[in-house]
Amino acid sequence: MGLMARLVGLLLALSCAGCGPTQVSGPVADRAAAAVLRETLLSSDAADDAEVEAVASGTGWGSLKGRFIFVGNPGESTPLLVDKDTTICSKDGKKLFDQSLRVDPSSKGLADVVVFARKASRVREPMAATPLVFDQKNCEFLSPVLAARVGQPVDVRNSDPIGHNTNISGSSFNQLIPAGAGTIYTPDRETGMPVSVTCNIHPWMKAYAVFRKDGYVAVSAADGSFELANLPADEPIEFQVWHARSTGPNGGLGLDQPTLKWTSKGRFTITIPPDDIEDLGTLEVPAAALGI
Amino acid sequence: MNMHLPVSVVMLLVASCLATVGCGPTPPAPFRLNMVEAISPTAEKDSIAAEQALVPAQQKQVATILLAMFGTPDAPECLPETGLDPAKLRLAAGPVRSDIVGRKNGLYREHCVHCHGITGDGLGPTAAFLNPYPRDYRPGVFKYKSTERADKPTHADLVTILHNGIPGTSMPSFGLLSPTQIEALVEYVKYLSIRGETELALMRYFFELDDEDEGRLSETREFLVDEVLQPIAEKWVAAADAIIEVPEAPENLDLAVSVAKGKELFYGERANCVKCHGVTGLGDGQANDYDDWSKNIVKIEGKLTSLAGNDLDPAERRWVADFGQVLDGEALRPRTIPPRNLRRGIYRGGRRPLDLYYRIHAGINGAPMPAAAGTVSPEEIWHIVNYVRSLPYDFDGELGVDRSVAIQPPAAESFAAQENTD
């Protein structure tokens, strides 16, 4: 009888526990709203409220410039783990360092900050026909950030005596680059925010690439300065600012400035008078904004 | 008589228990939202920040848009712009059952779901036990195909994979299914892929919104169909025109000469195969890299580790905690991707010389393998193909750069013999 009681108990437990409806976790779609939306998507003559394309409202051209300064102590760069082709990559015991934060010791200029126009109503400069050079030497990319216009040829070179491959994330480009050779890559679409460039043979190698249709993209130089010329003047343009180490969303770098309003995504809007150079002056980037 | 009563009592109890608690019908299987992406919606996973994670209302909006565009696993829908055939989808979708003429329906759930998952996320119940992991279709990236690196596979490429399976992996051949059934499954894989890519695009679009959009995507046809869906669907259609042109292998070519040339290229600085596939060809060169699927998880974990020492505000702390939960439940442990051991004679993308040509020409999408086309000539690619095909038969001598080269043509019989001894 004791056995029977246990059996009954077991069966009871099994039959009660086993059959609850499965819990569905995660967000659940709104069925009614989806049904309505589906009708909209199926009707080919839907109301024409297309996104407003940037329409030229001004005339003339102007420039934007400024200089990014790092405020705080950048600390020591981290040496990279170099464990392949050491005869070339760490020749004579030379160390390679992480290049994602480059601060000029004397001027405190912050290099490799990317500034680009999110939308431009018109473009002045014709497409440059001469290729930009993107080189690698001693197992390091010589430009930490490659900025090019969509359609502008880029000469991806290898100045090392060993082979590399250059892999641009999210693009069709992952190509072997033989020692001392080069190949032409023509970016065919915008990247949005910069994407990573790596070499799979030497995994410590890392750079970034940003491609824009209008070519309105600048990368700050070693002293932190940047300039975007021939921008459409007399109309508001929204700019996006990015840095590899920024703690902002997607690497967006937002600054706290009294004169210019920056969004948390690292954007600001400005109208440049015609034939003028709008100088943003010194733009201070606190260490905390780069997670230091 | 003594035993009779207790048994009937047991039966009665079980019956009444079932009746009162009730085994209601199982709710229909739902598509799952891509939670890893929802919490880090960007292609560059090392530049993520807490504030860009989608809030519940945004996740709900994505789920609602996807339901409107793609329906449910039991009742898939496809807009005409996808180019998909709804009749084929119906045959593959839903629970396993027979229709009115006795034709088997629900093929995806019969054959695929246990590895690839209801959502096509490669997270079926068996996934964690397989190496390599089953493909996650949602990024729309496929490795073994006849098209250029970044292009989609053709319809025929996917049919071939289903027909042959993928040697060296857990993907079996479905050669016993009828052509109609394979067609239906290929169409359904494309459907899951287009759906997954649309989901990624929608989630990443939130960052592009302006402040006045108040964190909500536009639900117009122009945005959802013209701007988001169409570019994705067009790439699938364009695959047919992106097939790699393969010149015939040079005629009256002395195979021994070709193999020797291929060997030179394999070890040379131009093709540089040796860097990853190793001086022995055993795949023991550069071997600590990841494929794109695993790399995303590695990058996220790296980012979370780097945050661990910092002072986090409450929102960031919640984000890190959420991430822990999502990674536990919705992501497989990242694994490094070994370069192929070329001495085993097992080729995942097919062992025809043509298949090897495609791999070398275009590289492997989603994997570290780079493209050699443009760096070496088509004729040189054929030499490398011949050398690679000779490697499994290269038994005479030590492994290493100095060994003599096998010159016997890899005949069909020796392939069979090799497999039998394996």
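In this predicted model, helices α14(B) and α15(B) are oblique to each other, a class left over once angles under 35 degrees are called roughly parallel, over 145 roughly antiparallel and 65 to 115 roughly perpendicular. The model is predicted, and local features need pLDDT of at least 70, side-chain atom pairs count only at pLDDT 80 or more, and totals for chains, interfaces and linings use all residues. Residues are numbered from 1 along each chain as its sequence is written, while chains are lettered from A and ligands numbered from 1 in the order in which they are written.

**The helix pair in chain B**

Two packed helices are described by the angle between their axes and the distance between the axes. Helix α14 (residues 353-362) of chain B packs against helix α15 (residues 378-390) of chain B at an angle of about 120°, and their axes are 9 Å apart. Axes here are lines fitted to C-alpha atoms, for helices over the stretch in contact, and angles run from 0 to 180 degrees between N-to-C directions. Helices (H or I, at least four residues) and strands (E, at least two) are DSSP runs, numbered from the N terminus.

The crossing of α14(B) and α15(B) is right-handed, the term for a near helix turned clockwise from the far one by less than a right angle, with anticlockwise being left-handed. From α14(B), the residues P353(B), L356(B), Y357(B), I360(B) and H361(B) meet I381(B), W382(B), I384(B), V385(B), V388(B) and R389(B) of α15(B). Contact requires C-beta atoms, placed from the backbone, to lie within 7 Å. By class, this contact of α14(B) with α15(B) has 9 nonpolar, 1 polar and 1 charged residues. Ala, Val, Leu, Ile, Met, Phe, Trp, Tyr, Cys and Pro count as nonpolar, Asp, Glu, Lys and Arg as charged, and the others, Gly among them, as polar.

Helix α14(B) is largely enclosed by the rest of the structure, because 7 of its 10 residues are buried. A buried residue has 20 or more other C-beta atoms within 10 Å of its own, an exposed one 12 or fewer, and a partly exposed one a count in between. The buried residues of α14(B) are L356(B), Y357(B), Y358(B), R359(B), I360(B), H361(B) and A362(B), and the buried residues of this helix pack against α15 of chain B. After α14(B) comes G363(B), with a positive phi near 75°.

**Domains of chain B**

Chain B is divided into domain 1 (35-241) and domain 2 (255-289 + 338-421), with bounds taken from an automatic or database domain assignment. The C-alpha centres of these two domains of chain B lie 33 Å apart. Their contact takes 13 residues from domain 1 of chain B and 13 residues from domain 2 of chain B. The side of domain 1 that touches domain 2 has 6 nonpolar, 4 polar and 3 charged residues.

**Backbone features**

A cis peptide bond, with omega about 0°, joins N131(B) and P132(B). P132(B) is found in the loop between α6 (113-116) and α7 (155-164) of chain B. In chain A, two residues other than glycine have a positive phi, as tabulated below.

| Residue | Phi | Location |
|---|---|---|
| D92(A) | about 55° | loop between α3 (86-89) and β2 (114-117) of chain A |

D92(A) counts as exposed because it has 5 C-beta neighbours inside 10 Å, whereas N230(A), with 14 C-beta neighbours inside 10 Å, counts as partly exposed.

**Chain A overall**

Chain A has 3 helices and 17 strands. Of its 292 residues, 37% count as buried.

Notes:
Contact = placed C-beta atoms within 7 Å.
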